[in-house]
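Please examine the sequence and the structure shown here before reading on.

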Amino acid sequence: MMNLYEQYKGLLFRLAYQLTGTAADAEDAVHDVFVKVQTIDPQRLTEPKAYLCKMVTNRCLDQLQSARMKREQYIGPWLPEPVMTAAEDGYETVEQRDLLSYAMLVLLERLSPDERAVFVLKEALGFDYAAIAELIDKSEANCRKLMSRARGKMGIAEEELIGSAAVEEQWANRFLAALSNGEVGTVLSMLADDAVLLTDGGGKVFAAINPIVSGEKVAKFLFGIMSKEAGKEGGFAIEMLPMNGQTGMAIVQQGIVTNVVFADVRDGMLQSIYIVRNPDKLARIHA
C-alpha cells in the first residue's frame, strides 16, 4: 500500500486541491482516502489510479457541499489558497503539471460541485468523458453538458482553455517598476479598461470587501497599497515565487509573507489581479 501512496499522492493532491481550493482540505481528502484503502481488498484495486481518483473526487464533492455555505458567509471575496510549485510532489509543494492557472481556480468558484469536478478532471488532469463518467457516476452525455455549463458560467470559450493566461515574470517586473516609480501613465497603459481587483482578507486583515472595477480605480488602489506598505517600519520586499504553476508575487515584511498576488494578462493587458491577504492562507508560502 505504501507503493500506492508514493505513486499517487501527488496526483491525488493536485486533484483534491483544485476541487476544493484549499491545501488543508486536499490533504484531509487524500489522507482519508488512503486510510480507507487500507481496508479494501487488493483485488479490487486492479486499476488503482481510477479507483483512487474516484474516491478522492467523491470525498471532495462532499467537502464542497459543506464549504459552499461557509464561503457565502465569508467576509469579502473568497480566493483559493496559494500553493508553492516545485519539482517534487508533496503537500508543501506541488508539481506544475496538471494545474490550472490561478485565474481559472477563481472562476471555478462559480460552478456547482459536479460542474467543478468535470472541469478539473477534463482540463487539468486530461481524463476523457468516458473516464469522467465512470469517476462521478454520471452518463457521458451528462458530463458533456456539465462541461458546457461550466464554460458558460466561467465566461470562457473552448479555445481559451488551452494554455495559461498567467502573467510572465518580465511583464510583472515592468509593471512593478512602474508602480514603484509612481509612473501613473505606464500603469494605466498596462491595465485593461475593465480590469478587476479582488482582495481576500477573510475579516482578519484589512482588505477591500467588494471587487474594485476599472483600470483607473485599480491603479489608484495599487498606488495606495504601495504607499502604505512603504511607510511601515522595515519597509517591504517583493519576491517572485513559483506558485500554482506560474509566477506569483509575494510581499514580504520582516521575513513574513503578508500578501500573495496573482495577475491574469490577456492580449498584453492586465485583466484581473488577485491579492490573498488572509494569513491562514499564506502559512505555507515561504519567501
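## Cavities and aromatic rings

The lining of the largest cavity consists of 14 nonpolar residues, one polar residue and no charged residues. In this classification Ala, Val, Leu, Ile, Met, Phe, Trp, Tyr, Cys and Pro are nonpolar, Asp, Glu, Lys and Arg are charged, and the others, Gly among them, are polar. The model is predicted, with local features needing pLDDT of at least 70 and side-chain atom pairs pLDDT 80 or more, while totals for chains, interfaces and linings use all residues. Residues are numbered from 1 along each chain as its sequence is written, and side-chain values rest on heavy atoms, without hydrogens and water.

A cavity is a set of points, on a 1 Å grid over the protein atoms alone, where a 1.4 Å probe fits but cannot get out; its lining residues have an atom within 4 Å of a point. Two cavities of 30 Å³ or more are counted. The largest has a volume of about 190 Å³, volume being the space filled by probe spheres set on the points. Of its 15 lining residues, Leu176, Leu179, Leu222, Ile251 and Val261 lie nearest the centre. Two or more lining residues come from each of helix H8 (169-180), helix H10 (215-230), strand S6 (246-253), strand S7 (256-266) and strand S8 (269-276). Helices (H or I, at least four residues) and strands (E, at least two) are DSSP runs, numbered from the N terminus.

The structure also contains five aromatic pairs. Rings of Phe, Tyr and Trp (its six-membered ring) pair if their centres lie within 6.5 Å, and planes under 30 degrees apart count as stacked. Two of the pairs are listed below.

| Stacked pair | Centre to centre | Angle between planes |
|---|---|---|
| Phe13 and Tyr17 | 6.3 Å | 10° |
| Tyr102 and Phe262 | 4.0 Å | 10° |

Phe13 and Tyr17 are four residues apart in helix H1 (residues 2-20), about one turn of the helix.

Together with Tyr274 they form one aromatic cluster.

Finally, the charged end of Arg71 sits over the ring of Trp78, 3.7 Å from its centre. The charged end of Lys281 also sits over the ring of Trp78, 4.1 Å from its centre. Such a placement requires NZ of Lys or CZ of Arg within 6 Å of the ring centre and within 35 degrees of the ring normal.

How values were computed: 1 Å grid on protein atoms, 1.4 Å probe; cavity = no way out; pocket = protein on both sides within 12 Å on 5 of 7 lines; lining within 4 Å. Phe/Tyr/Trp six-rings, centres within 6.5 Å; stacked < 30°, edge-to-face > 60°.
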